[in-house]
Amino acid sequence: MFIGGFCLIIIPAVSATIGKTILAQIGRFTITGSFSMVFVYAVEIFPTVVRNVGLGSSSMFARIGSIIAPYIGRECGKLFPAAPVLIFGASSLLASLLVLFLPETRNNTLPDTIEEGELFNAENGGFMLCKKKKADVDASANFNLKNTA
C-alpha cells in the first residue's frame with residue numbers, strides 16, 4: 001500500500017508520459033493487491049461469532065469506496081488535473097500507516113468470542129514493531145535480576 005501510494009503521489013512531479021504510465025501501473029497493481037489481502041486479513045482479525053458481520057461490513061464500505069472513486073476522479077480532475085492521483089495516493093499512504101496498528105495474527109490462536117477478541121487486541125494490537133512482547137520483557141527482567149544479585 002505504501003509503495004502504491006508513493007507512486008501515485010509522485011506522478012504529478014514526473015514530466016515524461018512513459019514515466020507517469022509506469023508509476024500509475026505500479027500504484028494500481030500494488031493497491032489492487034492490497035485490496036485483495038484485506039479480505040484475507042479481515043477473516044483472521046474478527047472473532048468467530050461476529051466474523052460474518054465484520055467481513056460483510058468491511059465489504060460494504062469497500063464497495064461504497066468503489067462507487068465514489070469515479071466521481072472523485074472525474075469531478076476533482078476538472079478542478080485540478082493532479083487531484084485524483086494525489087487523493088488516492090494520500091489515502092493509500094494513510095491506510096499503510098494505519099494498518100501498523102492492527103494486531104499481529106501470525107502464530108497466534110484466533111479469537112472465538114468477543115471477549116477473546118478484546119484480549120487478543122490488547123495483547124497483540126498496536127504498532128508491534130515498537131512493542132516488546134511480554135516474554136521478552138520477562139526475560140530481560142530476569143536477566144537484570146540475575147546480574148544484580
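Guide: Before the packing, a convention: angles under 35 degrees count as roughly parallel, over 145 as roughly antiparallel, 65 to 115 as roughly perpendicular and the rest as oblique. This is a predicted model, in which local features need pLDDT of at least 70 and side-chain atom pairs count only at pLDDT 80 or more, while totals for chains, interfaces and linings use all residues. Residues are numbered from 1 along each chain as its sequence is written, and side-chain values use heavy atoms, with hydrogens and water left out.

Visitor: How are α1 and α4 oriented to each other?
Guide: Helices here are DSSP runs (H or I, at least four residues), numbered from the N terminus, and axes are lines fitted to C-alpha atoms over the stretch in contact, with angles from 0 to 180 degrees between N-to-C directions. The axes of α1 (residues 2-10) and α4 come within 8 Å and cross at roughly 155°. α1 and α4 are therefore roughly antiparallel.

Visitor: How do the residues of the contact of α1 with α4 divide?
Guide: Contact means heavy atoms within 4.5 Å, and the residues involved include Phe2, Phe6 and Leu8 of α1 and Phe88, Gly89 and Leu93 of α4. Ala, Val, Leu, Ile, Met, Phe, Trp, Tyr, Cys and Pro count as nonpolar, Asp, Glu, Lys and Arg as charged, and the others, Gly among them, as polar. On that scheme the contact of α1 with α4 divides into nine nonpolar, five polar and no charged.

Visitor: How is α1 oriented to α2?
Guide: α1 and α2 pack with their axes 8 Å apart, at an angle of about 150°. That makes α1 roughly antiparallel to α2.

Visitor: Which helix gives the largest share of the lining of the largest pocket?
Guide: A pocket is an open set of points on a 1 Å grid over the protein atoms alone, where a 1.4 Å probe fits, with protein on both sides within 12 Å along at least five of seven lines, and lining residues have an atom within 4 Å of a point. The largest pocket holds about 1600 Å³ of space, and α2 (17-45), α3 and α4 each supply at least two residues of its lining. The largest share, 15 residues, comes from α2.

Visitor: How many residues of the lining of the largest pocket are charged?
Guide: The pocket is lined by 42 residues, and the closest to its centre are Met1, Ser34, Phe35, Val38 and Ala95. The lining divides into 29 nonpolar and 10 polar, and the charged residues number three.

Key. Grid points are joined across faces, edges and corners, and a volume is the space filled by probe spheres set on the points.
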